[in-house]
Amino acid sequence: MSITQNYKLNIIQWYPGHIAKAEKNLKEQLKRVDVILEVRDARIPLSTHHPQVKEWIGNKSRVLVINRLDMILPQVKSIWSEWLKKQGEVPYFANAQQGQGITAIAKAAQIAGTELNERRKQRGMLPRPVRAVVIGFPNVGKSALINRLLGKRVVESAARPGVTRQLRWVKISEHLELLDAPGIIPSRLEDQQAAVKLAICDDIGEASYDNQLIAAAFVDMVNQFQETSPHLLPPHPLLSRYGVDSIIHTGEAYLEVLAASRYQGDVERTARTIISDFRKGLLGAIVLEVPKINNS
């Protein structure tokens, strides 16, 4: 059964007012921006790609940042890197929390801006700092990236979507200014399978989904990877953590079995524990999508 079929009666939609307002403001500010840093979640790089980004950017330079590198295995990174390059992309993998990959990202933004100042010079204009904007879904690590680029904490960052609510400029150096933008999501989440992954990864607000359905979908995804591509996951992640194997159960049945075994039959608590453990990395580096594999 497709994971999305479970959601016929539970459609995930999340488009709070502050995001609608931020998107409108962002479109205005993009006219003044030279370079776009698009940040995606390494566990779900396709599901965290906003379909309108290309339309908004037009001919401007873009640096593609795949954040949360620590949450996928090296072989998963290789698969995504190769696939993205075939799509004509140059991905910059990063772990913004730890500062990994930040220097290369700053350099890429700077190089994109050098071309801008060359054009200004040819027109007899003085050079100016490159203006860049960091965009992406909520909670993919945009604020952490800005703080790393700046070398100090100036932008509030938290492990939940929707913390950044205002657009503001942050001066990184004499040569680079960054616009910190709130997370943006499509006004309608047409792809419910992607919406499920966003919920699992905490990239949309928790009011929009049911924990038990999300946890069951997560278990189904893990089972599917274990069957089709076990080398892309840590060995038996759920069995190792909870002492109960998931592979012989559907996600829904696994929640019931695990609840009975460890959590006094409390299925909601079981679901919350599984989701929380995944988000904290306690189940190991688990990817939820890779190219060429249909996780349906």
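Me: What covers the buried residues of α4?

Reply: In this predicted model, the cover includes β1 (35-41), β2, β3 (91-93), β4 (130-136), α5 (142-150) and β6 (176-180), where helices (H or I, at least four residues) and strands (E, at least two) are DSSP runs, numbered from the N terminus. Local features need pLDDT of at least 70 and side-chain atom pairs count only at pLDDT 80 or more, while totals for chains, interfaces and linings use all residues. Residues are numbered from 1 along each chain as its sequence is written, and side-chain values use heavy atoms, with hydrogens and water left out.

Me: Which residues of α4 are buried?

Reply: They are I102, I105, A108, A109, A112, G113, L116, N117 and R120.

Me: Why is N67 called buried?

Reply: Buried means under 20% relative accessible area (exposed is over 50%, partly exposed in between; 1.4 Å probe, protein chains only), and N67, with a relative accessible area of 6%, is therefore buried. N67 lies in strand β2 (residues 61-67).

Me: What makes R68 count as buried?

Reply: Its relative accessibility is 13%, so R68 counts as buried. R68 sits in the loop between β2 and α3 (74-86).

Me: Which residues is R68 in contact with, leaving aside its neighbours within four places in sequence?

Reply: With contact meaning heavy atoms within 4.5 Å, R68 touches D41, A42, R43, A94, N139, V140, C201 and D203.

Me: Which residues does the UniProt annotation "binding site" cover?

Reply: According to the unreviewed UniProt entry, the annotation covers N67, R68, L69, D70 and G183; positions are given in the numbering used here, feature names are shortened, and annotations may be inferred rather than shown by experiment.
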